[in-house]
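This report covers selected local and packing features of a multi-chain model.

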Amino acid sequence: MKNSEGMSKIVKTAASTIFVFTLIYGLYVIAHGHLTPGGGFQGGAVVASGLVMLIVVFGSSWTMKKIKEENLSILESFGAIGFIGLGFLGLLFTGIFFKNFIVGHNMFFGMIPDFGSTIANINTGGVLPLMNFAVGLKVIAGLFAIVLVMAHATSSYSKEAGKK
Amino acid sequence: MNFLPVPPEYIPVLIVAIPLFGAFLTPIISRINGKVRNIFAISILGITGFLVFWLSTEIFTNNMIYTYVFGGDSNVIGSGNSAYAIRILFEVDSFGIFMAIIAIIVAFIGTLYSYSYMKKETGLDKYYTLILLMTAGMMGMLLTGDLFNFFVFLEITGISSAALVAFWIDKKYAVEAGFKYIIISAIGALFVLLAIALLYGQYNALNMSVLANTITNFNLIDQIILILLFSALAMKAGIVPMHMWLPDAYGRAPASISIMLVGATLSSLYAVFRVIFTLYGKVFLSVSIQTLEFVTTANILGGFIVLLAVLTMLVGVIMALKQNNLKRLIAFAALAEIGYMILGLGIRLAAKSVIYDTEGTAISILNPAYTQAALTGSIFHILNDALDVGLLFLVAGAIYYATKETSLDRMGGLARNMKYTTIFFLIGLFAMSGMPPLNGFASKIIIYESAYQLSPLVSIIAILSSIMLLACFVKVFHSAFLGPKQPHLKNVKEVPKTMLVAMGLIAILIIIIGLFPNLVIENAVKPTVDAILNNTAYISAIIGGA
Amino acid sequence: MKMSKRNVLGIVAFSILTVFLVFSMLMLHFGNIHPFGNPQENDMDSYIISNAQEETGANNAVTSVVFDYRGFDTLGEATILFTAVAGVVLLFRRLKK
Amino acid sequence: MISFGIPYLAVVGLILIGLFALVFKKNLIKMVIGITIIESGVNLFLITLGYREGSIAPIYTSSPGGIMSLPVPQALTLTSIVIGVAVLALMLSLVIHIYRHYGTLNVNKIAEGEK
Amino acid sequence: MFDLEFFRINTGSGYWDPILWIFAFIIILVIVYVIRNLGKKDFKKSGEKSKVFLSGNPEYDKEQMHIKGSNLYWGFTESMKWLYDILNRFHTGNVSDYVLWFVVVMAALFIVMTISGGI
């Protein structure tokens, strides 16, 4: 990662180390959305903040060269399609849009926890964890795309203004 | 689930879900190429329009209400006054589907028009994505039966329209108009959300039918909620004196977006009607003697609304008369048209009266017959206004496409080069200014007569503003189309086929509605008015009994 | 702040608005339905609290509301984020082809 | 002990502060901040509606038991927060474009002069 | 309220019938055409009769004869100047004024609701 812009080498190394933990924590929040506080939006916001830290450290135009915002919007479309597709699957199987059609069967995520105060069981929640993943993907891509586009546009504009 | 024909109880969700799915799919489709993307967006809107028309025939013929519950089959626990709804549900009655027809017509025409109109622009994949999202937002606003869900769709419509108003980012007025529009829509949506939160705090419910069943004693919190909802939605609907965003947004957006903004504005107007007549129906519609003390409230509120309507008409036409920017002139004229619709609402409220017997004790509450005529006229005028204003905006866009001119001073003699556009403009002129035999007259004559029975002055002002509308567009016709060819417009050509087709579709609709107005009134408008005035059916469709 | 006509109008309107909003909030607080801290037992929330586990299989009642009971709102919310991204990318697009 | 519902009054205060910033401040950024202040006030109102004294979060995972706070207002608040983020992003990008065109953020200087 | 006759809208005190209107329009057109044919047959568009006469001044070329849009209704806008001044003072394209009008309308509605005895 040799690029002139951005911050110093120490900051880059530290940031790329911290980013891993941010990513892991965000994915944890997304994956346990139906058991603990949090969910797709919150975890997605955590991961997106880590990516924004990378933008701040490595410079927006370098990041723009690595990741085009078209790819990000494609990724976000996949997240959104997954989310609405789960609703359409409910319509397909049970005739009800956004029906929680997995819960009750003991297939993946389909178990029903015993009532009252229980210990966490990841294998519950029906479509809720899947929706959490879809929304998490969507929020990561969306927030990252917003910050990346705005940062790139403003920085390039200020460069042009500096030239003039 | 077998595909088309789908069972009609699935249609309400498909009407919203298909444009959303298309919008999510558009960035992937647009990787193929531009033409496929345009065809895709137009076909998605065509499918949605087909579903809307089908559902409307189902609803209008046997005057029924479709409900659809999301995420579960148990829609409402309990019944009667102890009922409560835990899930979001759509509730589609004649009023909602009538407005949905208008919204899908303007959306489809706008998309078809922008096929050629937007050919030279960049960023078109996002443009079509936002158009589909805006259509889905309008549909959701019109079909939903849950207040918070209504707020969400209101925000979808506002954000997508604001981004589309500022489409031409190299023009500074367009960016400024987009900023104004998003500020206005954010404020309006936030106050709507505040009112919804107050309703939740007061009645522990978010469902419109449950709330409408509960709001019977018109206490202070109810009044404050009504005022918050009414003023926020009236600002979104562009009623004087909260109208100033409307000429900026309409006049600076691309023409294909201006016609869709008409649909968004009318959706907010639908919300005003819905709040007053359904959510507060037990207060403002009831003819029972128990609600006697609300009559004066209804009268004074109705008088205030009539005042706002008269102001809207006058300010619209007087400002339109001196504009030199074509689209801004049409925008002010559209503002004047909105006044006619509000007038019916105000007349319905203001004409409520109490009948006393000889001892001076109240017998019953009377809603005169002409108030229903006024409401019929205004509902019919919503359809006509959408078509007329849309046609005029498309003509203005065609002139801009051909000449790259917006100011009337630099136009002239266009009728020599653009024959079809001139014909469409004449049709829109006569329809907009209420000239017989086109559709504008058919709805305005009903409004004039019912307004005359309320107070002759209001009727006179309505007729006067209609005459001044004619004057405005005669000015446009003379300065843009008549006269000798201007030297800098020597080689102006007619606009492409698809734009002409889009304009011709609206023109044909206008002529048909103008020649057979009774067809529309008997089949579509009267069920709509019955649905508006009969909120017990709306309530009992959800919670039963009542 | 200079007392122009606009400022006088604005301050009068703000004071009226303040009075009525404070009055509504006090009515909400001293009414018996939703006083701050101990709201009345209401059917919708108690139904969700008691039935969320068996109906949606999720321990987190808020998530079960967000994604199951009011899942369509969440779809609209995700759509709004999608709309915002589309709008921002549209506004910062390149104008030349 | 009688409480005057201080959070409810704080909601009114936040909404009025935001409206005041919108009406009387000249800087576009300050107006955007005003809108976010109104929005945070509404969110505070929603979340206070769901609060119960001595209640726990409505999560059953190894919960200590006891009354739970209302889940629906929390879900509504979550939705409206994300909506606010989206509106804020679009408003700020429009402000950036306005600054590029006009070179200023004073709302009086950029007022469209056309009557 | 409405007559069930196909074309006709009964508007309470009268009715509106587009087809009838079109018939009347055609009849009037025929009458106008007949009256027009009663005119002189031996009129020829030639010579000084069809020249433009601007009180003796030379005729301008066609582009300058076109009246621009801003010059139309000049008399009306001049005589209504007081009204336009008032309206232009309201239409400052200023966003904070828009929000101010929203607040003002809300306050006015509060006052209206108060005096209407509801509170």
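## Ile47 of chain D

Ile47(D) counts as partly exposed because its relative accessibility is 35% (buried means under 20% relative accessible area, exposed over 50%, and partly exposed in between, with a 1.4 Å probe and protein chains only). Ile47(D) is placed in helix α2 of chain D, residues 28–49; helices (H or I, at least four residues) and strands (E, at least two) are DSSP runs, numbered from the N terminus.

Not counting residues up to four places away in sequence, Ile47(D) touches Gln74(D) and Thr77(D), where contact means heavy atoms within 4.5 Å. Between the C-alpha atoms of Ile47(D) and Leu70(D) there are 9.2 Å, and the two residues are 23 residues apart along the chain.

## Basis of the model

This is a predicted model, in which local features need pLDDT of at least 70 and side-chain atom pairs count only at pLDDT 80 or more, while totals for chains, interfaces and linings use all residues. Residues are numbered from 1 along each chain as its sequence is written, chains are lettered from A and ligands numbered from 1 in the order in which they are written, and side-chain values use heavy atoms, with hydrogens and water left out.

## Chain contacts and the B–E helix pair

Nine pairs of chains touch, and the pair with the most contacts is B and E. Chains A and E are not joined by any contact; their closest C-alpha atoms lie 24 Å apart.

Axes are lines fitted to C-alpha atoms, for helices over the stretch in contact, and angles run from 0 to 180 degrees between N-to-C directions. The crossing of α12(B) and α5(E) is right-handed; a crossing is left-handed if the near helix is turned anticlockwise from the far one by less than a right angle, and right-handed if clockwise. On the α12(B) side, Thr297(B), Ile300(B), Leu301(B) and Phe304(B) meet Ala108(E), Leu109(E), Val112(E) and Met113(E) of α5(E). Seven residues of this contact are nonpolar, one is polar and none is charged (Ala, Val, Leu, Ile, Met, Phe, Trp, Tyr, Cys and Pro count as nonpolar, Asp, Glu, Lys and Arg as charged, and the others, Gly among them, as polar).

Thr135(B) belongs to helix α4 of chain B, residues 124–143. With a relative accessibility of 0%, Thr135(B) is buried. Beyond its neighbours within four places in sequence, Thr135(B) is in contact with Leu45(B), Ile104(B), Ala107(B) and Met260(B).

Helix α4(B) packs against helix α10 of chain B (residues 255–279) at an angle of about 20 degrees, with the axes 9 Å apart. The two helices, α4(B) and α10(B), are therefore roughly parallel to each other, and their crossing is left-handed. By class, this contact has eleven nonpolar, five polar and no charged residues.

## Nonpolar core

The largest nonpolar core has 389 residues, and Phe97(A) and Phe473(B) have the most contacts inside it. Such a core is a set of buried Ala, Val, Leu, Ile, Met, Phe, Trp, Tyr and Cys residues joined through side-chain atoms within 4.5 Å. Helix α6 of chain B (residues 172–203) gives the largest share of this core, 23 residues. Among the residues that Phe97(A) touches are Leu91(A), Tyr68(B), Phe70(B), Phe72(C) and Leu75(C).

## Backbone geometry

Most residues other than glycine have a negative phi, and most peptide bonds are trans. Phe98(A) has a positive phi, near 60 degrees; it lies in the loop between α4 (69–94) and α5 (128–163) of chain A and is buried, with a relative accessible area of 2%. Tyr73(E) also has a positive phi, near 55 degrees. Tyr73(E) is in the loop between α2 (62–65) and α3 (74–79) of chain E and is partly exposed at 27% relative accessible area.

The peptide bond from Val240(B) to Pro241(B) is cis, with omega near 5 degrees, and Pro241(B) sits in the loop between α8 (220–236) and α9 (245–252) of chain B. Pro436(B) and Pro437(B) are joined by a cis peptide bond with omega about 5 degrees. Pro437(B) lies in the loop between α15 (419–432) and α16 (439–454) of chain B.

Notes
Parallel < 35°, antiparallel > 145°, perpendicular 65-115°, else oblique.
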